[in-house]
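This report covers side-chain contacts. It takes charged pairs, then aromatic rings.

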Amino acid sequence: MAKRVPFAFAGDMLRWAAWLYHVEGRTQNEIAEELEVSRQTVANYLSEAMSQGLVQVKLRSDIIEQQTLAGDLRQRFNLTAVHIIPTPKSGPQLFDRLGLAGGQVVHDMSHDGDIIGVAFGRTVQRLAALMPVSKQPNTKVLQVAGCSLGGSNTSPEVCASLIASKLSAHCANLFAPAYCSTAALTASLLAEPTLKRQFGLFGQANLLVFGIGQMNADTRLHLNEEYFLDNAMRDEYLLLGAVGLIYGRFIDSEGREIDGPLRKRTMAIELDTARAAPIRLAICGGREKTAAVMATLKAGFATHLVTDKKTAKRLLKEIS
């Protein structure tokens with residue numbers, strides 16, 4: 001026989017059980033001992049209390065807002081999923097938070113046997129460094145932009161290798177410079193059988209992971225020791241309408257590739273090939289990157305997005 005209900009609960013066993021569970025934080029086993037009933041009976045009490053409206057579940061307002069923002073972004077840009085993190089006070093914290101969230105997303109979405117294309121940049125590097133370890137020995141990680149040769153830990157070769165190590169996967173590095181000295185040299189390298197096979201693999205990737213770079217008057221692009229985006233070339237791209245970079249390729253406000261001086265010298269996945277991948281995860285945030293993120297999403301380069309709350313709001317404000 002169940003224990004007599006305290007006077008404060010007006011003889012209502014459901015209210016008593018709900019109080020012990022939701023207010024006092026007791027476990028169902030502890031409540032069963034207190035009420036002198038079975039654990040299953042307690043579970044039934046709690047379920048009935050919920051259905052009768054004695055207990056109401058309410059999410060924090062910030063969680064509701066973030067989910068609303070995510071839903072609005074999904075609808076506006078035809079995205080499959082959006083993960084929004086709180087915007088931190090400092091830039092370095094933003095990279096870590098985006099990387100941590102992006103690493104968890106890649107860990108959850110990837111499966112053994114996948115072919116994963118990896119770009120480069122500070123956000124991708126933080127993703128690679130912070131993502132959980134798993135065992136995917138049959139997965140292949142592809143470096144989809146040429147090497148930097150500059151020793152940076154945000155370079156394409158480092159980002160791809162680090163993600164492969166976290167997955168215990170095979171890494172296929174692209175042993176060619178990100179930007180060649182001439183268009184003729186680029187064409188010759190692309191004609192090499194080894195590189196032709198590797199570029200052919202890009203079209204087989206079922207998951208692409210990439211960051212988004214901004215183009216403005218302060219942009220500096222040091223992908224190679226000798227051949228990099230100097231001030232004159234940067235200004236030329238700005239005049240041509242460049243707002244951002246993905247995979248080392250320059251895009252305008254509509255996400256179209258700019259036909260600038262580096263286009264035919266670029267050793268990286270073609271944008272049409274990238275856009276055809278089934279899952280395309282973009283990780284990016286920050287006020288200065290709003291225009292670049294907008295262009296990337298408008299052009300359909302991403303199916304999944306990890307960004308911060310303030311960037312999400314700016315993206316929706318820009319299109320309202």
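## Salt bridges

A salt bridge is a side-chain nitrogen of Lys or Arg within 4 Å of a carboxyl oxygen of Asp or Glu. The structure holds 11 of them. This is a predicted model: local features need pLDDT of at least 70, side-chain atom pairs count only at pLDDT 80 or more, and totals for chains, interfaces and linings use all residues. Residues are numbered from 1 along each chain as its sequence is written, and side-chain values use heavy atoms, with hydrogens and water left out.

Asp-96 and Arg-126 meet in a salt bridge, 2.8 Å from N to O. Asp-96 lies in helix α5 (residues 91–109) and Arg-126 in helix α6 (residues 122–130), so the bridge ties together parts 30 residues apart in sequence. Helices (H or I, at least four residues) and strands (E, at least two) are DSSP runs, numbered from the N terminus.

## Exposure of the charged pairs

Buried means under 20% relative accessible area, exposed means over 50%, and partly exposed is in between (1.4 Å probe, protein chains only). Asp-96 is partly exposed at 34%. Arg-126 is partly exposed at 22%. Glu-24 bridges to Arg-26, with the closest N and O atoms 3.3 Å apart. Here Glu-24 is partly exposed at 43%, and Arg-26 is partly exposed at 25%.

Glu-257 and Arg-249 also form a salt bridge, their closest N and O atoms 3.0 Å apart. Glu-257 is buried, at 17% relative accessible area. Arg-249 is buried too, at 3%. A network of salt bridges links Arg-249, Glu-257, Arg-263 and Glu-270.

## Aromatic pairs

Rings of Phe, Tyr and Trp (its six-membered ring) pair if their centres lie within 6.5 Å; planes under 30 degrees apart count as stacked, over 60 as edge-to-face and the rest as tilted. The structure holds 3 aromatic pairs. In one of them, Phe-199 and Phe-202 have ring centres 4.8 Å apart and planes at 50 degrees, so the pair is tilted. These two residues are 3 apart in helix α9 (residues 193–202), separated by about one helical turn. Both Phe-199 and Phe-202 are buried.

Phe-210 and Tyr-247 form another tilted pair, 5.0 Å centre to centre with 35 degrees between the planes. Phe-210 sits in strand β5 (residues 207–211), and Tyr-247 in the loop between β7 (244–246) and β8 (249–251). The pair links distant parts of the chain, 37 residues apart. Phe-210 and Tyr-247 are both buried.

## A charge over a ring

A charge sits over a ring if NZ of Lys or CZ of Arg is within 6 Å of the ring centre and within 35 degrees of the ring normal. Arg-76 lies over the face of Phe-77, 5.0 Å from the ring centre.
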